[in-house]
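Here is a friendly tour of one protein model.

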Amino acid sequence: MQKIVLLRHGESVWNQENRFTGWTDVDLSEEGFRQAHKAGILLKANGYNFNIAFTSLLKRSIKTLHIVLEELDHLWIPVQKSWRLNERFYGALQGLNKAETIALYGEAQVHKWRRDPRELPPAITKYDDRYPGKDPRYKDLTKRELPLTENLSQTMDRVLPFWNEFIVPAIRKNEKVIVCAHGNSLRALIQYIDHLTDEEVTQLDIPTGTPLIYELDEGLERIRHYYLE
């Protein structure tokens, strides 16, 4: 049996303000910092330690992981960062208040944008300040890899290559792995691991700052999963 820990970053400032965040690089809220420390304390109390960690290029995820590793006295382990673990790119919705967006477009449409794996939010253009091609951290991405909008299926399309190329080999080598990422990049990964249908994944909510433990068999099929609380 193999164990892997999945962790959504602690609450961000825009989570607190009920805004669509996406690739916007907002910081943790005060509560988010508290959640990150609590996650590290919980993992330590339950005897967890890690050989390698994976996270996104966004500071709410990076800082959460750093705090967890600090609580475990594991700041020395290798950490691999990748844009492929970034939050889903919400296009023109990024920065908008969710309640105000519902008032503008209707609850049914906003629910589709948030939950339907095939539904695309309104796109930005390459001239928008939110276009990731203007951000130096994405300078090596191809034009095709730089999103203007993204649905969950497209998020999965970029997460799975990273899972297969980097995370799976680490698990196969019996490394103790933690992945600290985002609500939608983790939803995509969980849909794959748990073989969820598109309908089932629409019901999936992942709380911030709460370690999710997956126990996997030799074929990396799920045996069980549970939260540490």
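W23 is buried, because its relative accessibility is 6% (buried means under 20% relative accessible area, exposed over 50%, and partly exposed in between, with a 1.4 Å probe and protein chains only). Keep in mind that this is a predicted model, in which local features need pLDDT of at least 70 and side-chain atom pairs count only at pLDDT 80 or more, while totals for chains, interfaces and linings use all residues. Residues are numbered from 1 along each chain as its sequence is written, and side-chain values use heavy atoms, with hydrogens and water left out.

- A pair of aromatic rings is described by the distance of the centres and the angle of the planes.
- Rings of Phe, Tyr and Trp (its six-membered ring) pair if their centres lie within 6.5 Å; planes under 30 degrees apart count as stacked, over 60 as edge-to-face and the rest as tilted.
- With this rule, the count is seven aromatic pairs.
- Y138 counts as buried because its relative accessibility is 3%.
- Together, W23, W83, F89 and Y138 make up one aromatic cluster.

**A charge over a ring**

- K98 lies over the face of F20, at 5.5 Å from the ring centre.
- For such a charge, NZ of Lys or CZ of Arg must be within 6 Å of the ring centre and within 35 degrees of the ring normal.

- L120 is in the loop between α5 and α6, and at 40% relative accessibility L120 counts as partly exposed.
- Apart from residues up to four places away in sequence, L120 touches W113, T149, E150, N151 and Q154 (contact means heavy atoms within 4.5 Å).
- I206 sits in the loop between α8 (198–201) and β5 (212–216), and I206 is buried, with a relative accessible area of 9%.
- Setting aside neighbours within four places in sequence, I206 is in contact with R8, G183, L186, R187, I190 and Y227.

**The whole protein**

- How many helices and strands does the protein have? There are eight helices and six strands, taken as DSSP runs numbered from the N terminus (helices are H or I with at least four residues, strands are E with at least two).
- Along the sequence, their pattern reads β-α-α-β-α-β-α-α-α-β-α-α-β-β.
- The C-alpha trace spans about 50 × 35 × 35 Å along its principal axes.
- Of the 229 residues, 53% count as buried.
- Among contacts between residues at least 6 apart in sequence, 74% join residues at least 24 apart.
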